[in-house]
Amino acid sequence: KGRGACFLMSGVFGFSLVVLLGITSLPSVTATLSWKEFAFVQSGLGWTAMIFLCAHDMFYGWPYMNSPSCGIPSGFQYALYIPFLTILLKLPLVVPPLSTHLARIRAGYARAGRQKDSAKQEETV
């Protein structure tokens, strides 16, 4: 009974987030955002939009999910393959050991060995 309402709401939320992503990618808007704000909007809201839109597609085709016609999956299932593959490949990057290391790299962290090599190169120049 509530599948139709979930279908509509997830579609509206997903579309709204995609419109927000489009607006923030305009050069005039991008110039006013800081790097952290831009990264949050483009990364965090982008993933949220993709999850909402995958849910929208799943709510639409839920009755047909396990009953392929003539052994061929429904068209809505093909639309989910690439987003689900993307989400699956993103999961290792958000696991805490790797995500904390990536966050340190984004913040400007460099290994000690690299700093010594760069100091030697500066001395030779």
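Predicted model: local features only at pLDDT ≥ 70, side-chain atom pairs only at ≥ 80, totals over all residues.
Before I start: I call a residue buried when its relative accessible area is under 20%, exposed when over 50%, and partly exposed in between.

**Cysteines**

I looked up C54 first, and at a relative accessible area of 6% C54 is buried, because 6% falls under the 20% cut-off. C6 came next, and with 36% I have C6 down as partly exposed. How many disulfides does the count come to? The count comes to zero. For that I asked for a pair of cysteine sulfur atoms within 2.5 Å.

**Helix α1**

I then followed α1, which has 22 residues. From its first C-alpha to its last, α1 reaches 31 Å, close to the 32 Å expected at 1.5 Å a residue. Which residues of α1 are buried? My list reads S10, G11, G14, L17, L21 and T24. Looking down the axis of α1, I find these buried residues within an arc of 160 degrees, so they line one face of the helix. A reminder to myself: an α-helix has 3.6 residues a turn, so residues three or four places apart point the same way. On the other side of α1, I noted L8 and F15 as exposed. I also checked what covers the buried residues of α1, and the cover includes α2 (27–32) and α3.

**The core**

Which residues make up the largest nonpolar core? I wrote down five: L17, L21, V41, L45 and A49. Both α1 (3–24) and α3 (35–61) supply at least two residues of this core. The largest share, three residues, comes from α3. Leaving aside residues up to four places away in sequence, L45 touches L17, L20, L21 and F40. As background, nonpolar side chains tend to be buried together in soluble globular proteins.

**I51**

I51 sits in helix α3. Is I51 buried or partly exposed? I get 48% relative accessibility for I51, which counts as partly exposed. G14 is one of the buried residues of α1.

**Q77**

My last stop was Q77, found in helix α4 (residues 75–94). Its relative accessibility is 12%, so I count Q77 as buried. What does Q77 touch, not counting residues up to four places away in sequence? I found Y64 and M65.

How values were computed
Residues numbered from 1 in each chain as written. Heavy atoms only, no water. Core = buried A, V, L, I, M, F, W, Y, C linked by side-chain atoms within 4.5 Å. Buried < 20%, exposed > 50% of the residue type's maximum accessible area, 1.4 Å probe, protein only. Helix = DSSP H or I, 4+ residues; strand = E, 2+ residues; numbered from the N terminus. Contact = heavy atoms within 4.5 Å. Expected span 1.5 Å × (residues − 1). Arc of directions from axis to C-beta.
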